[in-house]
Amino acid sequence: MATAWFGIVFAAGLFPLAVFGITFVCVLFSEGLRFQLDVFGAVIPGTLLLFVIGMFYGIVMTIPAYVLLKLFDWVSGGVISERGASGVYGGLVGFLCTTGGGLFFASHQGGQFNRSAVYFGVLVPLLAIVMGYVGAVWAGYRSRHVDFPYFEPLVVFEQQFSIAYLMKLTVFVAVLAVICKAVGSAGFVIGLYWVFCCVVQSCLLLCDYWIQQWVGKREMASGE
């Protein structure tokens with residue numbers, strides 16, 4: 001997990017640069033590609049500051065993300081291995097950084113559905129989750145022959161669904177339902193964001209599995 005942590009923090013530093021770069025390119029195209037070197041030159045020094053701020057913010061958010069990851073591990077009974085949890089950890093950091101677990105957008109549930117809402121409410125968190133996940137797995141891939149179990153199964157299929165597991169899951173879901181109901185309509189928005197995070201993380205786990213299998217076959221072929 002420590003190896004993945006460095007990749008997550010590095011991805012957090014790159015994230016504001018990626019958002020700025022995408023926004024900058026979109027503005028250039030919308031303005032007819034009127035490129036001004038003086039504006040571009042004034043922007044370059046600020047990229048280092050954005051990188052440092054992003055890394056610091058990412059470091060702060062790794063703490064609540066780790067607590068939530070351990071809570072999920074307790075509730076699920078360890079159904080996701082340490083290898084799979086490393087990627088989920090990165091995606092969770094990206095999710096918390098951009099949405100605050102949905103709290104950042106809970107007060108805007110009555111807002112209009114426009115381009116800005118899609119960009120900042122959906123695309124930005126999506127990019128953050130993907131970058132956090134990829135950053136963790138990328139760091140693990142680089143250390144696959146050292147101390148990172150890159151080829152370990154992502155999910156522990158032998159997990160037993162015992163009565164204790166079902167009780168913990170029931171209590172956890174009940175507590176979440178009570179909290180969302182107490183919060184009101186804002187709780188619905190928060191719940192939607194967590195569902196969004198779970199769906200994206202599940203898709204990333206599936207893609208990670210495919211890539212893991214491809215890399216494994218490639219390394220076996222090169223070793224023969």
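This is a predicted model: local features need pLDDT of at least 70, side-chain atom pairs count only at pLDDT 80 or more; totals for chains, interfaces and linings use all residues.

C97 counts as buried, because its relative accessibility is 15% and the limit for that class is under 20%.

C203 is partly exposed, with a relative accessible area of 45%. How far is the sulfur of C203 from the closest cysteine sulfur? That closest sulfur belongs to C207, and the separation is 6.8 Å, too far for a bond. A disulfide would require the two sulfur atoms to lie within 2.5 Å. By this rule, the count of disulfides comes to 0.

I turn now to the charged side chains. Side chains of opposite charge can pair when their charged atoms come close. How many salt bridges does a search of the whole structure find? The search returns 2.

One of them joins D208 and R83, with 2.9 Å from N to O. This pair links distant parts of the chain: D208 sits in helix α6, residues 185-223, whereas R83 sits in helix α3, residues 82-99, and 125 residues separate them. Are these two partners buried or exposed? Both D208 and R83 are buried. For D208 the relative accessibility is 6%, and it is therefore classed as buried. Leaving aside residues up to four places away in sequence, D208 touches R83, Y133, V137 and L154.

R144 lies in the loop between α4 (115-142) and α5 (163-183), and E219 lies in helix α6, so the pair ties together parts that are 75 residues apart in sequence. As for accessibility, R144 is partly exposed, with a relative accessible area of 22%. E219 is likewise partly exposed, at 22%.

Finally, the surface. Which residues make the nonpolar surface patch of about 500 Å²? They are F56, Y57, V60, L103 and F104. Among them, V60 has its place in helix α2, residues 37-76. V60 is partly exposed, with a relative accessible area of 38%; it can belong to a patch because membership calls for over 30%.

Thank you for your attention.

Note on methods:
Residues are numbered from 1 along each chain as its sequence is written. Side-chain values use heavy atoms; hydrogens and water are left out. Patches are made of residues with over 30% relative accessible area and no salt bridge: like charges are joined within 9 Å, nonpolar side chains (Val, Leu, Ile, Met, Phe, Trp, Tyr) within 5 Å. Accessible areas come from the Shrake-Rupley method with a 1.4 Å probe; for residues, only the protein chains shown count as cover. A salt bridge is a side-chain nitrogen of Lys or Arg within 4 Å of a carboxyl oxygen of Asp or Glu. Helices (H or I, at least four residues) and strands (E, at least two) are DSSP runs, numbered from the N terminus. Buried means under 20% relative accessible area, exposed over 50%, partly exposed in between (1.4 Å probe, protein chains only). Contact means heavy atoms within 4.5 Å.
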